[in-house]
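Work through the exercises below with the structure open. Each task is followed by its solution.

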Amino acid sequence: MDKPILRVVDIWKSYEDLQVLKGVSFELGEGEVKVVFGPSGSGKSTLLRCINMLSPPDKGEVYIRGQNINAPEVNINAMRARIGMVFQHFNLFTHLKAIDNVSIGLRRVKGFSKEEARAKALEVLQSVRMEKWTDHYPAELSGGQQQRVGIARALAMDPDVILFDEPTSALDPELIGEVLQVMLDIAKAGTTMIVVTHEMGFARAVASEMIFLGDGVIMESGTPEHFFVSPKSERVKNFLRQLDILYGGHEKLLK
Amino acid sequence: MTDLPTLPEIIFYILRRGLYHTLLLTVLGLLIGFILGISLALMRVYGAKELAWFSSGYEKLFRGIPLIVLIYVFAFGLPDIFWYIDPLELRLGSVVLALSLRSAAYQSQIFRGAILSVTPGQTEAARALGMGGSQAFRHIVMPQALRLAVPSWSNEYAVVIKDSSFASAIGIIEMTQSAYFVSINFQEIWALSYLILAILYFLFTYPITRIFGERQSKKLKKFGMGGG
Amino acid sequence: MILQDRPNPIGELLIVLEYWDHIFSGFLLTMWLYGWALLMGFFLGLILANLRQYGGWFLSRIASGYVEFIRGTPLLAQLFFIYFLPSSLNIPVGDWKIETSFTILNKDITIILLNYRTLAGLLALGLNSAAYQAEYFRGAIMSVGTEQLMAAQSLGMSRIAGIRHIVLPQALRRVIPAWSNEAAYLPKYTVVVYFIGVKDLFSQAHHVVAFTFISLTTYILIAIIFIVTITLISKGLDILHKKTMIPGL
């Protein structure tokens, strides 16, 4: 890859005595969608938090457009503004209306004026089809609506890449579809994404590459066709079979 | 033998003579307690180990001393150090100091609880957007923590205004002292004057704690705040 | 007045400690008042909480009114009201007393266990503590929730039996942390009886000051005694709580 947006090099991370990540490396080009999946405890969430340095790795580097984001002279907050994150439990700011949730990053981090921020926030909320709910508080929104606002909040910052940490795992079944649809739309529009998820239908539709993370290392990686037609290891085969049993039906939710 | 004062006369007398100092002591005690209390809470939640330990020790100390004892410690200790200050001001200062230091210990707990109630995921999201730690605190945690603290804080207000009654022990002329003055001059209505005093305090505490207490708690729950 | 040199604080402390028998007798009386007030507050508070939660329209309002009024007024005012009530109503109180004496280390210690003043103080403290304890109990009862009571009634238990056998045992266990808080800090409030002439720890401190003219050190000593006592009670209740925990409660 000549000019990768994101380069993750040899990430190691341990908590207490447990070695969660043992040397993970990959690259991500512009517009690519990488889906990371694997058994729980394999370090998928940890990996995402190492990438945006919310939980800095013990060893390894992360490069955004060629810049090492953990270098001492670099302002980590400015770096984080270029990496978006969508959380499993939404993590919306409960004291702010939807529109303010989306605009606060623009105002406080990127220095937009109140009007500029509001205009941009409105635009982004429209793209996730939440323009009718701009003045609602998170407590007044369903899970699916909250997550869409969460995606809007990340999108508004115009990040180089957006990290998705199991964005639909905490949603009731009938709400998953609306969120997956939004993710599908932005993927098709060219957003660079890393998505940790079990939604194989989504992966099949838009993933440029899929990574199976097990025991802290990348066990297998390849295109969706590779995984669904002829995966190499037994472990991956079994895992995919389990996923299909649990989540197979969700593909019908996507248009 | 003089006529006994009427009910309105007693009420007006207590208020006219004593309300000023009662309110002065309460406001000063709460205000200084607030500044000190928030600092202690921040020390305990975000501070280094030594600061957190100090804050915790402070709380234990000033929650374990009876207020009246604290007042006497200052009332007898301060004149030696501040011999040049007018005695009345020293007595007022002793009470304000005692009230503030005690209130700070309780307010520290209140704010610490409120800060911890804000779900940590929101701080994570704020940092993921690129906000620094203090930015995240200022814009995300503190606005919510202050709102969450309102019910407990209204309770603390009630405590401090009641505690101000101990100022009467060292001769400060506030409401309780005024009631005492009525009772020693008109001994037939000893008990009545204290009943009236109690009702006056009640009028200052109950409406506030009712409005900003449980009712506020329920309103906050509706907003989904304070689930952490 | 020239800034006076503080004489040696250790020396002062030793002089004050010569009156250890006064201080000790005051401490014992404080603990005596504390124990009875806590007990009274416990039973009355429990009754009040039950009335508020399960009493009819009338009883629950009376209980609520009592609790809100006591909690909204100063303990000092309540104390004075109770103390002066008989004389205001021209009821004689008499000069009776029940006391106990014993000798320790060649010093005679006499403690008045009960007389009019002590009784008034005890009542005021007990009635006051009951209101605060009632709040804790009510919170605990509410946290148990109504579903279990419904289940008990569906089994055929009467409402009262359901409250007694299902709600209260759980409520009483849930209330332990909050109750321990009240129990540990109640000794602090007993000092208020000084104002009606009961010879508690604080009152004895004044005696010692009158004899020795050493004021600051004496009051600091009293403060330390309170802190230590409260910390011990608090830790003790903590240990008790840990020993009697039930998982999931």
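**Exercise 1.** Find which residues of α3(B) meet which residues of α4(B), then classify the contact.

*Solution.* Take contact as heavy atoms within 4.5 Å. Helices are DSSP runs (H or I, at least four residues), numbered from the N terminus. From α3(B), Leu67(B), Leu70(B), Ile71(B), Phe74(B), Ala75(B), Leu78(B) and Pro79(B) take part. They meet Leu90(B), Ser94(B), Val95(B), Leu97(B), Ala98(B), Leu99(B), Leu101(B) and Arg102(B) in α4(B). Sorted by class, this contact has 13 nonpolar, one polar and one charged residues.

The model is predicted: local features need pLDDT of at least 70, side-chain atom pairs 80 or more, while totals for chains, interfaces and linings use all residues. Side-chain values use heavy atoms, without hydrogens and water.

**Exercise 2.** How do the axes of α3 (residues 67–81) and α4 (residues 87–117) of chain B cross?

*Solution.* The axes come within 8 Å and cross at roughly 135 degrees. That makes α3(B) oblique to α4(B). The crossing is right-handed.

**Exercise 3.** What does Val95(B) touch beyond four places away in sequence?

*Solution.* Its partners are Leu25(B), Ile71(B), Ala167(B), Ile170(B) and Ile172(B).

**Exercise 4.** Which pair of chains has the most contacts?

*Solution.* Two pairs of chains touch, and chains B and C have the most contacts. Chain A and chain C share no contact. Their closest C-alpha atoms lie 23 Å apart.

Key: Residues numbered from 1 in each chain as written. Chains lettered and ligands numbered in written order. Axes fitted to C-alpha atoms, helices over the stretch in contact; angles between N-to-C directions. Helix = DSSP H or I, 4+ residues; strand = E, 2+ residues; numbered from the N terminus. Parallel < 35°, antiparallel > 145°, perpendicular 65-115°, else oblique. Left-handed = near helix turned anticlockwise from the far one by under 90°. Nonpolar A, V, L, I, M, F, W, Y, C, P; charged D, E, K, R; others polar.
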